Amino acid sequence: MIAARIVEAVAEPIPVGGVPVRVGASIGVITAPGGADPENEIKRADTAMYAAKAAGRGRVHQT
């Protein structure tokens with residue numbers, strides 16, 4: 001839910017020099033068990049992010 005709210009907030013236009021500028025975000029979310037290897041979990045999160053990007057703009061992918 002929080003990641004989806006972030007995607008929505010980032011999608012709001014930002015006025016720059018009187019012109020609305022839009023950006024987007026794709027977010028990968030994981031749940032890591034206690035004691036997990038941080039490098040492995042970063043790789044998992046990275047994979048989730050690329051899956052979100054592949055699904056289209058403004059997506060959240062959770063594994």
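Beyond its neighbours within four places in sequence, A32 is in contact with E41 and R44. The model described here is predicted. A32 sits in the loop that runs between strand 3 (27-29) and helix 2 (38-55), and E41 is found in helix 2.

- A32 is partly exposed, because its relative accessible area is 43%, and partly exposed covers values between the 20% limit for buried and the 50% limit for exposed.
- The C-alpha atoms of A32 and R44 are 9.3 Å apart, and the two residues are separated by 12 residues along the chain.
- R44 is one of the two residues that A32 contacts once neighbours within four places in sequence are left aside.

- E41 counts as buried because its relative accessibility is 11%, and buried means under 20%.
- With neighbours within four places in sequence set aside, the contacts of E41 are I30, A32, P33 and A36.
- The side chains of E41 and R44 are joined by a polar contact of 2.3 Å.

**A nonpolar patch on the surface**

- I14, V16, V21 and V23 form a nonpolar surface patch, and their accessible area together is about 320 Å².
- One of these residues, V21, belongs to strand 2, which covers residues 19-21.
- V21 is partly exposed, because its relative accessible area is 35%.

**Fold and overall form**

- The secondary structure of the protein consists of 2 helices and 4 strands.
- Along the sequence these elements follow the pattern α-β-β-β-α-β.
- The radius of gyration of the protein is 14 Å, whereas a compact globule of 63 residues would have a value near 11 Å.
- The C-alpha trace spans about 50 × 20 × 20 Å along its principal axes.
- Among contacts in the protein with a separation of 6 or more, 43% are between residues 24 or more positions apart.

**Burial and surface**

- Of the 63 residues of the protein, 13% count as buried, and E41 is counted as buried too.
- The protein exposes about 4800 Å², and carbon and sulfur atoms supply 59% of this area.

Key:
Residues numbered from 1 in each chain as written. Predicted model: local features only at pLDDT ≥ 70, side-chain atom pairs only at ≥ 80, totals over all residues. Heavy atoms only, no water. Patch = residues over 30% accessible without salt bridge, like charges linked within 9 Å, V, L, I, M, F, W, Y side chains within 5 Å. Areas by Shrake-Rupley, 256 points an atom, 1.4 Å probe, with all protein chains shown as cover. Salt bridge = Lys/Arg side-chain N within 4 Å of Asp/Glu carboxyl O. Buried < 20%, exposed > 50% of the residue type's maximum accessible area, 1.4 Å probe, protein only. Contact = heavy atoms within 4.5 Å. Polar contact = N/O pair within 3.5 Å; in protein donor to acceptor, adjacent residues only side chain to side chain. Rg over C-alpha atoms; globule rule 2.2 N^0.38 Å.
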